[in-house]
Amino acid sequence: MKKVSVIGAGFAGLTVALRLAQKGFEVDLYESSSRVGGLLGTDVTDYGIAERAANALICTEKAVGLFKELGITPVTPLQTSKKRFLFRETPRAWPLSFVETVGFLGRLLPRALGGKKNLKPRDNETLQTWGLRNIGPHATQYILGPAMQGIYGNEISGLSAGLILGPIFSKKKKDKYKGLLTGPYGMQDLVDHLLAKLKELNVNVRLNSSVDPKTLSGPLVVATSAQAAANLLKASHPDTSELLKRIRMSSLMSVTLFFSKPQTSYQGFGCLIPRGYGLKSLGVLMNSYIFKGRDKTYNETWILGGVEEEALLDLSDSEILTLIAEERHRILGHKESLLDYRINRWKNALPYYDLQLEETLRKLNREASKDLYLHGNYLGGIGLSKILERSDMLAEEIANQHG
Ligand SMILES: Cc1cc2nc3c(=O)[nH]c(=O)nc-3n(C[C@H](O)[C@H](O)[C@H](O)COP(=O)(O)OP(=O)(O)OC[C@H]3O[C@@H](n4cnc5c(N)ncnc54)[C@H](O)[C@@H]3O)c2cc1C
């Protein structure tokens with residue numbers, strides 16, 4: 001049986017290892033920490049569960065298929081989660097005035113009717129510039145900005161339009177957006193089922209490992225963060241390592257708060273917060289209005305961070321709780337007392353989807369190496385369903401080249 005090594009057992013490493021094992025490869029999966037899952041994990045508290053990072057996958061066909069083959073009964077969102085808020089003085093379902101909406105449509109529609117190509121991002125264009133060009137200043141500030149910050153954790157003035165919107169304009173067949181998907185016990189459920197399946201398929205999972213790629217033979221998948229991949233490949237693949245080193249990382253923090261009683265003024269998925277109000281929070285997820293039966297008391301998850309706000313992660317727990325209590329009062333107008341909380345500080349955890357990454361990925365694609373395959377959230381898809389897609393694609397490619 002052909003041997004493959006996978007380094008890094010986050011969602012990327014776990015899913016590519018699964019697909020390779022299913023194709024008949026003997027897989028060694030190396031993980032430097034004492035657990036698998038990487039950014040994915042769920043804490044169980046007396047008041048309900050708290051996700052450490054991601055709270056769900058986009059419900060694509062591949063994601064549904066994965067849940068099915070792992071035997072996880074998927075939990076889908078509640079009806080209340082269909083409502084989403086954007087902050088503009090208060091949380092609103094639609095943040096633009098009538099006149100601004102007319103301005104937004106007046107700019108967007110003629111371009112859209114003229115064909116998709118009119119809206120295609122230009123090379124080296126930021127999301128902000130793209131927005132000002134195609135949807136106008138108000139929709140850019142109050143809709144595009146907060147929405148993209150909520151996913152990429154950074155301001156749109158630095159984000160690359162080509163990387164983020166480019167896939168919409170590619171000819172590749174796209175999965176339809178059909179909501180979200182998670183396990184009954186949260187994302188840890190998914191991680192546990194993935195690990196159980198890997199063991200069933202005899203994948204050698206090596207925790208607390210500090211493997212050197214130079215000591216491995218045969219195809220190698222490096223499925224760590226960009227920064228960790230740069231360090232790992234320094235000696236064996238110096239050119240690739242130099243390119244990976246250029247990828248800037250950004251930090252995020254997720255803070256789950258359990259309250260003595262629910263706020264009922266805003267019942268929905270959550271609220272996204274634009275820049276320009278002097279608020280540090282990027283958004284809030286109203287967990288109890290998203291998924292049913294996973295908590296004993298009402299809880300929310302607040303997301304903060306980004307390259308401009310790295311220092312927030314150095315604040316103490318009590319400083320963070322005070323900051324969020326103040327912002328929560330300003331945003332939602334509520335001050336319920338707190339029963340419990342969980343803070344997860346993710347230092348340098350996410351790639352910064354900026355113009356520098358756009359350029360680096362162009363060069364990385366040219367830097368092909370026979371036995372080396374890169375995987376992870378810096379290669380064009382930051383979300384889990386995109387990572388899953390890449391796992392399938394890589395396993396297919398490795399099977400074709402080495403099977
Ligand atoms: C707060 C937050 C909220 C998010 N919400 C969502 C969401 O709701 N939906 C969604 O789809 N996505 C979400 N994301 C993004 C998503 O969670 C990540 O992009 C994804 O989990 C990354 O998976 P990965 O396997 O690429 O990387 P990681 O999870 O970082 O895994 C990399 C693994 O490699 C290991 N490693 C590192 N160096 C080495 C080494 N030298 N040797 C061996 N192992 C090594 C690490 O320990 C880790 O286990 C969120 C992210 C954050 C931070």
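Is Lys280 buried, exposed or partly exposed? Lys280 is partly exposed, with a relative accessible area of 29%; buried means under 20% relative accessible area, exposed over 50%, and partly exposed in between (1.4 Å probe, protein chains only).

1. Basis. This is a predicted model, in which local features need pLDDT of at least 70 and side-chain atom pairs count only at pLDDT 80 or more, while totals for chains, interfaces and linings use all residues. Residues are numbered from 1 along each chain as its sequence is written, and side-chain values use heavy atoms, with hydrogens and water left out.

2. Lys280 and its partner. Lys280 pairs with Glu309 in a salt bridge, at 3.3 Å from N to O. A salt bridge here is a side-chain nitrogen of Lys or Arg within 4 Å of a carboxyl oxygen of Asp or Glu. The pair links distant parts of the chain, 29 residues apart: Lys280 is in the loop between strand E12 (270-272) and strand E13 (281-285), and Glu309 is in the loop between strand E14 (299-305) and helix H10 (317-332). Helices (H or I, at least four residues) and strands (E, at least two) are DSSP runs, numbered from the N terminus.

3. Arg345 and Asp317. These two form a salt bridge whose closest N and O atoms are 2.7 Å apart. Arg345 sits in strand E15 (residues 338-351) and Asp317 in helix H10, so this pair too links distant parts of the chain, 28 residues apart. Both side chains belong to partly exposed residues, Arg345 at 33% relative accessible area and Asp317 at 28%.

4. Other salt bridges. The structure holds 23 salt bridges. One of them joins Arg328 to Glu336 at 2.8 Å, N to O, and both of these residues are buried.

5. Helix packing. Helix H2 (residues 61-70) packs against helix H7 (residues 187-200) at an angle of about 60°, with the axes 10 Å apart. H2 is therefore oblique to H7; angles under 35 degrees count as roughly parallel, over 145 as roughly antiparallel, 65 to 115 as roughly perpendicular and the rest as oblique. Axes are lines fitted to C-alpha atoms, for helices over the stretch in contact, and angles run from 0 to 180 degrees between N-to-C directions.

6. Surface. Val99 lies in helix H3 (residues 98-113) and is exposed, with a relative accessible area of 65%.
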